[in-house]
Amino acid sequence: MRSACLTLVAVSTLLVGAPARAQTYDPSYPVCMQIYGPVGYFDCRYTSLAQCRYLAVGRSATCSVNPYFPERPSTPPHRPRRAG
């Protein structure tokens, strides 16, 4: 019984001690700014690279395309119907 309790305590300590990482990108916006520093993070609330770069001036940050933003399926060009 004692060894079972020690095993349970050891396993639970290992599981609790492992750091968990959440998804850092918000899939709602196509552009993210990665801010560097003691507490670095991703800020995904930009609609264009130009907007992100404008707000990143003077900061320790870079802008990149959000890899988790769902791309819209391309629609085929509209073709007029032939009368016939």
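Trainee: Is Ile 35 buried or exposed?
Mentor: Ile 35 is buried, with a relative accessible area of 10%. Buried here means under 20% relative accessible area, exposed means over 50%, and partly exposed is in between, with a 1.4 Å probe and protein chains only. Bear in mind that this is a predicted model, where local features need pLDDT of at least 70, side-chain atom pairs count only at pLDDT 80 or more, and totals for chains, interfaces and linings use all residues. Residues are numbered from 1 along each chain as its sequence is written, and side-chain values use heavy atoms, with hydrogens and water left out.

Trainee: Thanks. Which strand does Ile 35 lie in?
Mentor: Ile 35 lies in strand E1, which covers residues 31–35 and has four of its five residues buried. Strands (E, at least two residues) and helices (H or I, at least four) are DSSP runs, numbered from the N terminus.

Trainee: And what is Ile 35 in contact with?
Mentor: Leaving aside neighbours within four places in sequence, Ile 35 is in contact with Gly 40, Tyr 41, Asp 43, Arg 59, Ser 60 and Ala 61. Contact means heavy atoms within 4.5 Å. Ala 61 is also the bridge partner of Ile 35 in E3. The C-alpha atoms of Ile 35 and Thr 62 are separated by 6.8 Å, and these two residues are 27 apart along the chain.

Trainee: Let's zoom out. In what order do the elements run from the N terminus?
Mentor: They run α-β-β-α-β, which comes to two helices and three strands.

Trainee: How do the strands pair up?
Mentor: E1 pairs with E2 (residues 41–46) in the antiparallel sense over four bridges. E1 also runs antiparallel to E3 (residues 61–65), with five bridges joining them. Two strands count as paired if DSSP finds at least two bridges between them. The three strands form an open sheet in the order E2-E1-E3. E2 and E3 stand at the edges with a single partner strand each, so one side of each is left without a neighbour in the sheet. From one strand to the next, the twist averages 30°.

Trainee: What about the turn between E1 and E2?
Mentor: Those two strands form a hairpin with five residues between them, and Gly 37 in the turn has a positive phi of about 155°. Within the pairing, Gln 34 has Phe 42 as its bridge partner in E2, and Val 31 has Tyr 46. On the E3 side, Val 31 stands opposite Val 65.

Trainee: Which residues make up the largest nonpolar core?
Mentor: There are eight: Val 31, Met 33, Ile 35, Tyr 46, Cys 52, Ala 56, Ala 61 and Cys 63. E1, H2 and E3 are the elements that give two or more residues to this core, and E1 gives the most, with three. A nonpolar core is a set of buried Ala, Val, Leu, Ile, Met, Phe, Trp, Tyr and Cys residues joined through side-chain atoms within 4.5 Å.

Trainee: What does Tyr 46 touch?
Mentor: Not counting residues up to four places away in sequence, Tyr 46 touches Tyr 29, Pro 30, Val 31, Met 33, Gln 51, Cys 52 and Leu 55.

Trainee: Changing topic, how many salt bridges does the structure hold?
Mentor: It holds one. The side chains of Asp 43 and Arg 45 meet there, at 3.0 Å, N to O. The criterion is a side-chain nitrogen of Lys or Arg within 4 Å of a carboxyl oxygen of Asp or Glu.

Trainee: Are those two buried or exposed?
Mentor: Asp 43 is buried, at 12% relative accessible area, whereas Arg 45 counts as exposed at 53%.

Definitions and conventions
Axes are lines fitted to C-alpha atoms, for helices over the stretch in contact, and angles run from 0 to 180 degrees between N-to-C directions.
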